[in-house]
Amino acid sequence: MSESRRKLPAPAAFSPEDMARRKRRNIALALVLAGLVVFFFVVTLVKTGPAIMNRPL
Amino acid sequence: MSAAFDTRNDGVALTSTGEARDFFALLKPRVMSLVIVTALAGMATAPGSVHPVIALASLLAIAVGAGASGCLNMWYDADIDVLMTRTAKRPIPAGRVLPSEALAFGLTLSIGAVLVLGLVANVLSAAMLAFTIFFYAVVYSMWLKRWTPQNIVIGGAAGAFPPMIGEAVVTGDLGMHSLVLFAIIFLWTPPHFWALALVKSADYARAGIPMMPNVAGPAATRRQIVLYSLVMAPVAVLPALMGFGGLAYLVVSVTTGLAMIALAIRVWLITEGEAATKACYSLFGFSILYLFALFAVLLVENGLGLMWALPKVMG
């Protein structure tokens, strides 16, 4: 490793309570993303209609 | 309780540990619920129909777009929110969410909501949503709010657009129905907001916001509340006269409109002490109920087909 390599910032210290909060936030974000997947899937089906199945593979 | 922040070596915060509910609070959920009801009423009263899934998806995009504009408003106003009792507990002034996070959140949701509405519904409704976000976040928040006592009068247009977006989703066009709904919300905003501003004028003075009671004085504001209510209440009856509100709407709009006028007159007459504060809060609280009631009845009559139709008088 080069001596001139920029020193990375030291990680901030999080309390267990902070980590729990962050975890809850990440779970909420994951649920929103999963919801978006379902949302786009359903909307695509409705917009395209039955013709979505009628295509060459 | 303020959250811990991830910091750089120089102490600049990078991310907060704000929770999902803090980010949800940035979207002004109560305003969003009003937007949902009014946009849905715009869809229901529009001449035409749309697939329920498309309607629901569009409504979600409109609600998220409105919430995003609220988030951008909170990002920009954090410096004055911290000075006012009503807003000091919001996520940014309370230190639970960083301004940079709120800005990124608001911009991302704004762009996402407009794109989704454009793809799901049509270009006109997406353009109108984009304009609404711009109007609220830039024209109202950044320009009008700190500059003129007419801030919430002109800015009220932002809150009045959702029914028009709703109609645009269904028809791809704009018509008289949603224009009337726009007018109702537009005329409703000043008496609604000024009732609160009369009570919170010390807050607004501390933050340097030129609200009507601080600039023109409480007496002039009370007079204008009555005048706006006198114009608003008859306009709110128009849907019944134009044939897209039925008998139930006629009854509700007339009775609650008269109640709004009566409460406005009470604010005008009672100017001193605890009774004056109570009169203002009564008008403020009832005005929210009033708008919800008008649009909910329109929704039930048009959306569920439960309309006892009246003869069309005009429009």
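Buried denotes a relative accessible area under 20%, exposed one over 50%, and partly exposed a value in between (1.4 Å probe, protein chains only). The model is predicted, so that local features need pLDDT of at least 70 and side-chain atom pairs count only at pLDDT 80 or more, whereas totals for chains, interfaces and linings use all residues. Residues are numbered from 1 along each chain as its sequence is written, chains are lettered from A and ligands numbered from 1 in the order in which they are written, and side-chain values use heavy atoms, with hydrogens and water left out.

**Figure 1. The salt bridge between E17(A) and R21(A) in chain A.** The closest N and O atoms of E17(A) and R21(A) are 3.6 Å apart (a salt bridge is a side-chain nitrogen of Lys or Arg within 4 Å of a carboxyl oxygen of Asp or Glu). Both residues belong to helix 1 of chain A, where they are four residues apart, about one turn of the helix (helices, H or I with at least four residues, and strands, E with at least two, are DSSP runs numbered from the N terminus). E17(A) counts as partly exposed because its relative accessibility is 44%. R21(A), by contrast, has a relative accessible area of 9% and is therefore buried.

**Figure 2. The salt bridges of E19(B) with R24(A) and with R21(B).** The side chains of R24(A) and E19(B) meet at 2.8 Å, N to O. R24(A) lies in helix 1 of chain A and E19(B) in the loop between strand 2 (13-16) and helix 1 (20-25) of chain B, so this pair joins two chains. E19(B) also forms a salt bridge with R21(B), with a separation of 3.5 Å between the closest N and O atoms. Over all chains, a search of the whole structure finds 11 salt bridges. Elsewhere in chain B, a network of salt bridges links D77(B), D79(B), K145(B) and R146(B).

**Figure 3. A nonpolar surface patch on chain A.** L29(A), V32(A), L33(A), L36(A) and F40(A) make a patch of about 450 Å². Patches are made of residues with over 30% relative accessible area and no salt bridge, like charges being joined within 9 Å and nonpolar side chains (Val, Leu, Ile, Met, Phe, Trp, Tyr) within 5 Å. F40(A) is located in helix 1 (residues 16-48) of chain A and counts as partly exposed because its relative accessibility is 39%. Chain A contains one helix and zero strands, and buried residues make up 11% of its 57 residues. The chain exposes about 5100 Å², of which carbon and sulfur atoms supply 69% (accessible areas come from the Shrake-Rupley method with a 1.4 Å probe; for residues, only the protein chains shown count as cover).

**Figure 4. Helix 13 of chain B and its packing partners.** The 23 residues of helix 13 (residues 247-269) should span 33 Å at 1.5 Å a residue, and the end C-alpha atoms are 33 Å apart, which agrees (the expected span is 1.5 Å times one less than the number of residues). Buried positions in this helix include Y249(B), G257(B), L263(B) and V267(B). The buried residues pack against helix 8 (176-199), helix 11 (218-235), helix 12 (238-241) and helix 14 (273-303) of chain B. S253(B), also in helix 13, counts as buried because its relative accessibility is 0%. Leaving aside neighbours within four places in sequence, S253(B) is in contact with A236(B), V237(B) and L294(B) (contact means heavy atoms within 4.5 Å).

**Figure 5. V231(B) and L187(B).** V231(B), in helix 11 of chain B, and L187(B) are 44 residues apart along the chain, yet their C-alpha atoms are separated by 7.5 Å. V231(B) is partly exposed because its relative accessibility is 45%.

**Figure 6. The backbone at K28(B).** K28(B) is not a glycine, yet it has a positive phi of about 50°. Most residues other than glycine have a negative phi. K28(B) is placed in the loop between helix 1 and helix 2 (29-45) of chain B and is buried, because its relative accessibility is 14%.

**Figure 7. The two domains of chain B.** An automatic or database domain assignment supplies the bounds, giving domain 1 (21-174) and domain 2 (216-315). Their C-alpha centres lie 23 Å apart. Where the domains meet, 10 residues of domain 1 are in contact with 10 residues of domain 2.
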